[in-house]
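Open the model in your viewer and keep the selection panel at hand.

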Amino acid sequence: MNDRSLVQVALYAAIFAVLGLLPKFDIPLAGGVPITAQSMGAMLAGVMLGPVRGAAAMLLLLLVVALGAPLLAGGRGGLAVFYGPSVGFIVGWVAAAFVAGAVMRALRTQPVFPAALLAAVLGGIVVLYAFGIAGLAMMTKLSVLDAAKASLIFLPGDTIKAVLVALVAQTVARGFPEALLSRAP
Amino acid sequence: MIALYLPGPSWAHRLPAAFKLGVLAAVSLLAVPFSGLAPMAGLVAAGLAVHAALGRQAWRRVALLRPLVPLLAILFGLHWWNGDPGLGASAVLRLIGMMLLANALTMTTRMDQMMDVIEPLLRPLGWLGLSPRAVALAVAMVIRFVPLLFGLWEALNEAHKARTGRRGGWRLLAPFCIQTLRLSHHTAEALAARGGTPKGARR
């Protein structure tokens with residue numbers, strides 16, 4: 001891993017943390033329902049950085065959190081989050097970023113918006129929820145079906161976030177194409 | 001940035017980090033097969049006792065669990081709905097107990113002590129051409145970048161407010177990504193100018 005990649009990986013881990021520190025966004029799409037921006041970070045890392053660096057950024061974030069930095073939404077952090085009910089989602093960010101990046105790379109000749117939307121949905125929702133629901137069922141001894149029901153509350157918000165990530169990717173591709181590293185040759 | 005670590009010369013601070021991590025791992029493995037209410041209540045009591053033994057500031061940190069209350073209530077409700085409130089109670093108590101114990105470790109162990117324990121586990125990354133020192137550098141960069149990027153976001157927000165009178169919100173995401181990439185170019189150049197990413201295995 002060269003200097004530039006290392007800095008980019010650290011940068012997206014930090015972006016993920018900053019998204020959790022921001023006040024909640026009011027999204028007009030959702031009728032003004034405030035949502036936290038943090039879970040967008042995994043989609044964003046994959047879509048922007050590509051599979052390997054995206055997943056590395058999430059691994060680095062988990063390492064810094066485990067070391068004791070309060071970088072998750074609401075100032076949470078430390079080892080306690082790895083013993084919480086949502087540990088599946090937290091670990092799933094790594095896989096989510098990898099899959100989002102891989103989809104983005106596979107569709108690199110396609111227009112940015114649909115490619116990024118598909119990448120964010122497959123990585124940040126399908127893969128992330130598979131991990132999250134399995135983790136929830138394991139940590140709480142609920143059946144997988146019940147765990148899935150409990151996770152559905154987050155689905156509308158995450159769908160909006162996937163659309164936002166695709167919009168951001170498209171804007172970035174227009175304004176500074178070089179920044180979309182997942183599409184770099 | 002509010003640190004989760006509480007500085008202090010308590011008995012728990014003096015215990016080696018590797019020992020504390022070992023105990024936490026052992027307890028977490030032991031807590032899985034048990035599902036009776038009594039052992040789980042004991043786990044929560046142990047977690048609370050450790051916080052109480054560490055002083056008033058540590059005791060206040062129990063409140064960190066408060067945002068999880070609605071989620072835990074939903075989980076308990078689902079178990080109740082399925083006709084097994086006992087299992088629900090023990091599952092919720094196990095989660096609370098383990099999170100309290102894990103938090104006690106984070107409160108009493110500095111990040112560099114944790115890094116020292118983790119470093120040997122990172123050594124296999126050397127086979128992928130990534131030195132543990134590069135990982136340590138990346139950790140330091142994340143911690144430094146967070147306040148920097150937060151300031152960058154605030155600047156974008158101020159500019160947006162000056163133009164429109166409203167908060168920027170999600171509209172700032174794209175310019176934020178572009179600005180941060182500029183920043184990463186500068187940082188990478190500065191890093192290269194200082195000899196680049198550490199290559200060796202040892203500090």
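Begin with the rings: over all chains, the structure holds five aromatic pairs. Rings of Phe, Tyr and Trp (its six-membered ring) pair if their centres lie within 6.5 Å; planes under 30 degrees apart are stacked, over 60 edge-to-face, and the rest tilted. This is a predicted model, in which local features need pLDDT of at least 70 and side-chain atom pairs pLDDT 80 or more, while totals for chains, interfaces and linings use all residues. Residues are numbered from 1 along each chain as its sequence is written, chains are lettered from A and ligands numbered from 1 in the order written, and side-chain values use heavy atoms, leaving out hydrogens and water.

Select A:Phe89 and A:Tyr129. Their pair is edge-to-face, 5.6 Å centre to centre, with 90 degrees between the planes. A:Phe89 sits in helix α4 (residues 87–106) of chain A and A:Tyr129 in helix α5 of chain A, 40 residues apart. Helices here are DSSP runs (H or I, at least four residues), strands likewise (E, at least two), numbered from the N terminus. Both A:Phe89 and A:Tyr129 are buried. Buried means under 20% relative accessible area, exposed over 50%, partly exposed in between (1.4 Å probe, protein chains only).

Switch to chain B and pick B:Phe76 and B:Trp80. This pair is edge-to-face too, at 5.5 Å and 65 degrees. The two are about one helical turn apart, because they lie four residues apart in helix α5 (residues 69–81) of chain B. B:Phe76 is partly exposed at 26%; B:Trp80 is exposed at 55%.

Now show the interface. Here 62 residues of chain A are in contact with 69 of chain B, contact being heavy atoms within 4.5 Å. The buried area is about 5,600 Å², 79% of it from carbon and sulfur atoms. That area is the accessible area (1.4 Å probe) lost on putting the two parts together, summed over both. Colour A:Leu67, A:Tyr83 and A:Lys141: they supply 13% of the area that chain A buries against chain B, more than any other three residues.

Which side chains meet in a salt bridge? Select B:Glu189 and A:Arg4, 3.8 Å from N to O. The rule asks for a side-chain nitrogen of Lys or Arg within 4 Å of a carboxyl oxygen of Asp or Glu. The count between the chains is one.

Finish at B:Thr180, in helix α9 (residues 173–193) of chain B. B:Thr180 is buried, at 0%. Beyond its neighbours within four places in sequence, B:Thr180 contacts A:Leu11, A:Ile15, B:Leu149 and B:Leu152.
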